[in-house]
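Subject: Structure handover

Hello,

Please find the structure below, followed by notes on what was found in it.

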Amino acid sequence: MTTRTNGTLDPTTGPVLVVGLGNPGDRYAATRHNIGHMVVNELATRNAQRWSTHKAGAAVAEFRLGIGGPKIVLAKPATYMNLSGKPVAALMKFFNIGPENLIVVHDELDVDHDALRLKRGGGEGGHNGLKSISQAIGTRDYLRVRAGIGRPPGSMAPADYVLRPFSATEQQTLALHIDRAADAVESLVERGLTTTQNQFHQKA
């Protein structure tokens, strides 16, 4: 495993929890708001993992990143977006994970489609899933992988925009966008925030 360049994550203290935000059910599966689910699904697939139901109220998948690498717990809260905090807090308690080892993957209106931005802490930018998590765990000091979906066209309300499927044009590059976001999660664990930002704060 590549040596990390800073102390943002500390996999030696316990698992890293990677939460993909979204809404449950087939109705929302292909919508922009569910790109967090799509990214953790990709991570589960590339590591040959199946999802199981956890009593915390989430689907989970556990594996080690590479031979002898850190333990990763992937999670998709079974609640609607604005109630994501309760299952995340419950998973952190169950697996004894501190906020320093929490990564949340979510859609981001203020980042162009196909672009990624990564940060630790800061505001939630009106994102109800992040607000719920911050309130439930008592801190904003956790890592975010912000998968860009761009701003809504014209006068479309953001609430309507995020709950619609990706456009035909967006779908042409969606698989690559998801793949790069999954790569960024792995890089955060292996190499830390600064190096990962330097690599992924560019469009594909």
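Packing of H1 and H5

Helices H1 and H5 cross in a right-handed way, meaning that the near helix is turned clockwise from the far one by less than a right angle. This is a predicted model, in which local features need pLDDT of at least 70, side-chain atom pairs count only at pLDDT 80 or more, and totals for chains, interfaces and linings use all residues. Residues are numbered from 1 along each chain as its sequence is written, and side-chain values use heavy atoms, with hydrogens and water left out.

H1 covers residues 35-46 and H5 residues 168-191; they pack at an angle of about 70°, with axes 9 Å apart. Axes are lines fitted to C-alpha atoms, for helices over the stretch in contact, and angles run from 0 to 180 degrees between N-to-C directions. H1 is therefore roughly perpendicular to H5 (65 to 115 degrees; under 35 is roughly parallel, over 145 roughly antiparallel, the rest oblique). Helices (H or I, at least four residues) and strands (E, at least two) are DSSP runs, numbered from the N terminus.

On the H1 side, the contact (heavy atoms within 4.5 Å) includes Ile-35, Met-38 and Val-39. H5 contributes residues including Leu-174, His-177 and Ile-178. By class, the contact has 9 nonpolar, 1 polar and 5 charged residues (Ala, Val, Leu, Ile, Met, Phe, Trp, Tyr, Cys and Pro are nonpolar, Asp, Glu, Lys and Arg charged, and the others, Gly among them, polar).

The loop between strand S1 (16-20) and H1 holds His-33. UniProt, in an unreviewed entry, places the feature "active site" at His-33; such annotations may be inferred rather than shown by experiment. His-33 has a relative accessible area of 13%, so it is buried (under 20%; exposed is over 50%, partly exposed in between, with a 1.4 Å probe and protein chains only). Not counting residues up to four places away in sequence, His-33 touches residues including Asp-107 and His-127.

Glu-170, in helix H5, counts as buried because its relative accessibility is 12%. Beyond its neighbours within four places in sequence, Glu-170 contacts Arg-32, His-113, Ile-149 and Tyr-161.

Helix H2

Which residues of H2 are buried? In this helix (residues 85-95) they are Gly-85, Pro-87, Val-88, Leu-91, Met-92 and Phe-95. Their cover includes S1, strand S5 (102-108) and helix H3 (128-137). Just after H2, Asn-96 has a positive phi of about 55°.

Regards
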